[in-house]
Amino acid sequence: MTERTIHVFAKSGMTIVRDSGAPCNQSDIVGNALNGDAFSWENPTDLSLTFPSQKVAITFDDKDGYLTDDPFAGSTVHDQQLTEATTINGKTYQPSDEHVRWKENPPVNIENEYEVTLFDAAGNCYRMVGVSITQGYNTEVVGVMFEGPEPPPGTVLHYKQGISQYSSGQSMEITDAASTFQVVVCFLEGTLIDTPEGPRPIEALAVGDRVLTLDDGPQPLRWTGRFEAFGRGALAPIRIAKGTFGNRRDLLVSPNHRMLLRSPAAELHFGQSEVLVPAKALVDGERVRPVPMRRVVYHHLLLDHHAAVFAEGIASETLFLGDITLSIVGTAAQADLRENFPHLMGMTLCRSSLTPAETQVIGTSGFSGISRQGSVSPADAQAVLQRVA
């Protein structure tokens, strides 16, 4: 089976009221809809739904790429079994190795209980999915997600009596986070970034903090971003072992994150001795390799221009704002960037960037890292030479 992660709006963070603003007759419409169209039970009143700003990740095994209702064969769970502890609505669900529902420490699985169509103020239609967690024979709808387009943050959706449609026992294709975020460019949480005050963990940096850049000295951060992902497959971080390019410690970045490296061969073939190279193109199976993880937390750093900062002591890129980046950082982040940093759209790269195919022309052993002094230390240079030999 394949392990997958979905992100759910917890029902405890949702608000459902009548369009007039008056409270509903039911206190848990999302949960009650497990047994039928509880939204319609408020007839004739239309309903307004708002959603929390944060989601909860739920990770489970999946065999077919679809989130379905009742993944059971008799009393045995055969799909969508929880693989990681999840806390939602104040309750923690622990995975179980058991597959038979009536046994002690029963299996815990995820289900698609129902789907209902909702509308925004402009009439756009969204398909909301009620997600449940089942322990043995006890099933509870814990939250909702969306099949297809998701409404922008802060959007109020409406259940229209006589127009909105409810259906149970549905099957929804699971969108793999890796397909959405495989082009992300960012550092793994815990990475040390050089600042005028010394190296600091990337997660401790905030807007306004200064970081050291290769070309322009200390520069203030204009924006930072963070997201969690399933850290396997296309999103498995790339580990660059300590000393490979002069880095002080192991450096872990997303596969498409670019390192600024130096190579005489790059100047010979491409006209520049310093080039940006995606981490995935440097994989050699030894010193540079993917390290799959169950969960990863990636961080973005944005400056006034695309630049090289020092991560674990060697030069590596900051966030480059382009159409691809904007399409994958998330709706809220995209809106924030467009509103507050319109002047940063259409950046230019601080150096030319090589494709994986162009990198193969040089070979992974033909590069050296760039430290704050502009070259690797003698000890690290010797380590690189030994690796090349």
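A salt bridge is a side-chain nitrogen of Lys or Arg within 4 Å of a carboxyl oxygen of Asp or Glu. The structure holds 18 salt bridges. This is a predicted model, in which local features need pLDDT of at least 70 and side-chain atom pairs count only at pLDDT 80 or more, while totals for chains, interfaces and linings use all residues. Residues are numbered from 1 along each chain as its sequence is written, and side-chain values use heavy atoms, with hydrogens and water left out.

**Confidence**

- The chain has a mean pLDDT of 86, and 85% of its residues reach 70 or more; pLDDT is the predictor's confidence in each residue, from 0 to 100.
- Helices (H or I, at least four residues) and strands (E, at least two) are DSSP runs, numbered from the N terminus.
- Over residues 176–183 the pLDDT is below 50, and this stretch has 15 contacts in the model beyond near neighbours in sequence. A contact means heavy atoms within 4.5 Å.
- Residues 374–389 also have pLDDT under 50; the model gives them 21 contacts beyond four places in sequence.
- Where pLDDT is low, the predicted coordinates should not be read in detail.

**Salt bridges**

- Lys 11 forms a salt bridge with Asp 28, with the closest N and O atoms 2.9 Å apart. Lys 11 lies in the loop between S1 and strand S2 (15–18) and Asp 28 in the loop between S2 and H1, so the pair ties together parts that are 17 residues apart in sequence.
- Lys 11 counts as buried at 15% relative accessibility, whereas Asp 28 is partly exposed at 25%. Buried means under 20% relative accessible area, exposed over 50%, and partly exposed in between (1.4 Å probe, protein chains only).
- Glu 150 and Lys 55 meet through their side chains in a salt bridge of 2.8 Å, N to O. This pair links distant parts of the chain, 95 residues apart: Glu 150 is in the loop between strand S12 (138–147) and strand S13 (157–159), and Lys 55 is in the loop between strand S3 (47–50) and S4.
- Glu 150 is partly exposed, with a relative accessible area of 35%, and Lys 55 is partly exposed at 36%.
- In the salt bridge between Arg 239 and Asp 250, the closest N and O atoms are 3.6 Å apart. Arg 239 sits in strand S22 (residues 238–240) and Asp 250 in the loop between S22 and strand S23 (251–253).
- Salt bridges that share partners join Asp 215, Arg 262, Glu 274 and Arg 351 into one network.

**Glu 113, a buried charge**

- Glu 113 belongs to strand S10 (residues 108–119).
- Glu 113 is buried yet has no salt bridge, and Arg 101, the nearest side chain of opposite charge, is 8.3 Å away. Lys and Arg count as positive and Asp and Glu as negative, with His and the chain ends not counted.
- The side chains of Glu 113 and Ser 132 are joined by a polar contact of 2.9 Å (a pair of N or O atoms within 3.5 Å; within protein, one must be able to donate a hydrogen and the other to accept it, and residues adjacent in sequence count only if both atoms are side-chain atoms).
- Not counting residues up to four places away in sequence, Glu 113 touches several residues, among them Leu 34, Asp 69, Thr 139 and Val 141.

**Strands S1 and S4**

- Strand S4 (residues 56–62) is mostly covered, with 5 of its 7 residues buried.
- Strand S1 (residues 2–10) pairs with S4 in the antiparallel sense over 7 bridges; two strands pair if DSSP finds at least two bridges between them.
- Thr 5 stands opposite Thr 59 in S4.
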